[in-house]
Amino acid sequence: MPQTIAGRIEEIIAPYLSLEGPAMPTLHAVQAAYGFVPDAAVPVVALALNLSRAEVHGLVSFYHDFRREPAGRTVLRLCRAEACQARGAERVAAHAAAALGVGWHETTPDGAITLEPVFCLGLCAAAPCGTVNERTVARLDEARLDAILEAAR
Amino acid sequence: MRIFVPGDALAASVGADEVAAALRLACPDATIVRNGSRGLAWLEPLVEVETPEGRIGYGPVAAGDVPGLLAAGFLEGGAHPRRVGPPEEHPFLARQTRVTFARCGITDPLSLAEYASLGGLAGLRRVLTMDGPAIIQDLAESGLRGRGGAGFPTGIKWRTVLQAPAHQKYIVCNADEGDSGTFADRMVMEGDPFLLIEGMVIAGIAVGATRGYVYLRSEYPHAIAVVNQAAAIARREGLLGSSVLGSAHAFELEIRVGAGAYVCGEETSLLDSLEGKRGQVRAKPPLPAVAGLFGCPTVVNNVLSLAAVPDILRPGGAAAYQALGIGRSRGTMPVQLAGNVARGGLFEVPFGMTLGELVMDIGGGTATGRPVRAVQVGGPLGAYFPPALFDTPFDYEAFTARDGLIGHGGVTVFDDTVDMARMARFAMEFCATESCGKCTPCRIGSTRGVEVLDQIIAGDTGRLGLLEELCDTMKFGSLCALGGFTPYPVMSAVRHFPEDFRPRLPMAAE
Ligand SMILES: Cc1cc2nc3c(=O)[nH]c(=O)nc-3n(C[C@H](O)[C@H](O)[C@H](O)COP(=O)(O)O)c2cc1C
Ligand code: SF4
Ligand code: FES
């Protein structure tokens, strides 16, 4: 029996509604299930949390982690903060952007890879670094990045 | 036989999981322990084998090195180019005074028994025989100041919460660690999570709070997993719950994950985020200690502040802690050496070591082998210091006197290829991206700052006066330190590296 998207979202967020201050865990749960926060989730979350739709939109737009559209199959995040810059992060990022033909926050046309900036992963003594979906990677250089991109294609 | 392969995020990011898998295959009889990191980052993955002569380290080890290591007899501590020897004898560790990091890298982070056998829970057990004012008296005597950045005396904060009448109080651990160049909170959470939990339970007992939250940044998935597992174990073993270690005290703990906003490290913005709002900074007063989470009296402390507490509360701990350090900076600081540094990692020392000793003697200068040109201390809101200021001792007041700050203890090293005008621009850009938007000097000033720096970089050095005015407006007109301190990296770059703000090309077009 097909379930409506609203019904599915209600199910996803149900475990979090009894928490103190449930909004962030609720939105994280939606994003974990869909990979982004679908527009259809906004009224469902708003109703469940007794917030206005505008307030829920406000949360989604305020926090960098929440996305409103699906990302590529692989999300490559590269650290742009100072310690990584000190070890050539800008050069590595330029290499990635050129190899993929995309800029920050963009996805390759085939939907394979999204390139995103991140500001510090706490790996600053093994810079430059980044993440490939859930995996963290450090001591990056052009060659290591090429291998990562190759595997993600 | 036990082999230690760090499960820490940094080690994992440079291949430790693959090394552990290779060792499991090659040595099916050995127990592979995923310990925390010792903090010798350049040697990660630093694998240690337990031998009759003690633990012998090898690093950095790649999965492909495993057959060669075995052939060299590494299970017996045999010679090999990657052999580091007994880690404790390595100068980088031998020169430290490890208090907060006493166990990190040695134990299995999720073994409560090991934690207790190496000094863990001694503080809490003593606290269970004391009342709130006596606990706080000890804390005040230790001289502990907040390690999150502001350096506010922890004892005074706790006393305010103790004295605030309320039905519900909270302990909130600030684990947002957004500063570039810092990772000590992460290492505690991944390498010795029960230390943080014990510190929070003690805080709860001291001020009369029964609920705690760890606000942990989403950029730390390893730490999130470890702290959640540790909390589950602590609940099962009665360290958390309705009767802490069988006492009349109750303490519940929950881990909440941030969502990528740097400003949520600011304590009031963090509280708004925990409550489920946009993380905007609140005007003070009221202080969180009086009206914090859901309007209740709340202790907000950094991970390192809370992790220092158990040792201070053990018998004789406060006096021992107070005896370390210089001036009004007491105890130890877990300094984090990052960026372009030959020997990066975690170095815990009593306050007072000079910046130059840290960067040159301990850190070994740059990783690239080029001259050190600039060092940013204290994260993205900290000043850039040239080697001429390397005699500055690591001490809150000494850094303030030189228009800098030690913040959360991050030291980021740059070599002579750094372009300081670009770093100044980055500071403004970061502020513009991360501003919570509440006040104009920060929100608009930082965007203007980027434009003005672009003009300066393009050769219009006449704009330097305007840049300084903008910085003054931000410094004195901002509600919090994001807008208020961004002028530190910007103006320190201008002051100490003026040559980078002069025209690079002859201005033929003008
Ligand atoms: C923009 C901004 C970001 C901050 N980020 C952090 C942080 O990531 N971690 C932290 O402990 N304190 C951070 N602070 C400082 C906190 O506001 C607060 O002073 C601290 O959590 C108090 O704990 P402590 O007394 O133990 O240091 C930040 C402050 C500002 C203005
Ligand atoms: S200084 Fe910036 S981040 Fe701080 S309150 Fe003002 S706008 Fe928000
Ligand atoms: S600056 Fe890149 S990981 Fe910290």
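Author: Two strands are said to pair if DSSP finds at least two bridges between them, where strands (E, at least two residues) and helices (H or I, at least four residues) are DSSP runs numbered from the N terminus. This is a predicted model, in which local features need pLDDT of at least 70 and side-chain atom pairs count only at pLDDT 80 or more, while totals for chains, interfaces and linings use all residues. Residues are numbered from 1 along each chain as its sequence is written, chains are lettered from A and ligands numbered from 1 in the order in which they are written, and side-chain values use heavy atoms, with hydrogens and water left out.

Reader: In what order do the 5 strands of the open sheet in chain A lie?

Author: Strands of a sheet pair through backbone hydrogen bonds, either parallel or antiparallel. In chain A the order is 2-3-1-4-5, with mixed pairing, and the edges are strand 2 (106-107) and strand 5 (135-137), each of which pairs on one side only.

Reader: Which residue in strand 5 of chain A is the bridge partner of Thr131(A)?

Author: The partner is Thr136(A); strand 4 (residues 130-132) and strand 5 of chain A pair in the antiparallel sense over 3 bridges.

Reader: How many cavities of 30 Å³ or more are there?

Author: A cavity is a set of points, on a 1 Å grid over the protein atoms alone, where a 1.4 Å probe fits but cannot get out, and its lining residues have an atom within 4 Å of a point. Grid points are joined across faces, edges and corners, and a volume is the space filled by probe spheres set on the points. The count here is 4, and the largest cavity holds about 90 Å³. Its lining comprises 13 residues, of which Val281(B), Cys436(B), Cys439(B), Cys442(B) and Cys480(B) are the closest to its centre.

Reader: What space lies in the second largest cavity, and which helix and strand of chain B each supply at least two residues of its lining?

Author: That cavity holds about 50 Å³, and the two elements are helix 9 (184-191) and strand 13 (345-350) of chain B. Among the lining residues are Asp8(B), Glu44(B), Arg186(B) and Leu346(B).

Terms used:
On a 1 Å grid over the protein atoms alone, a cavity is a set of points where a 1.4 Å probe fits but cannot get out, and a pocket is an open set with protein on both sides within 12 Å along at least five of seven lines; lining residues have an atom within 4 Å of a point.
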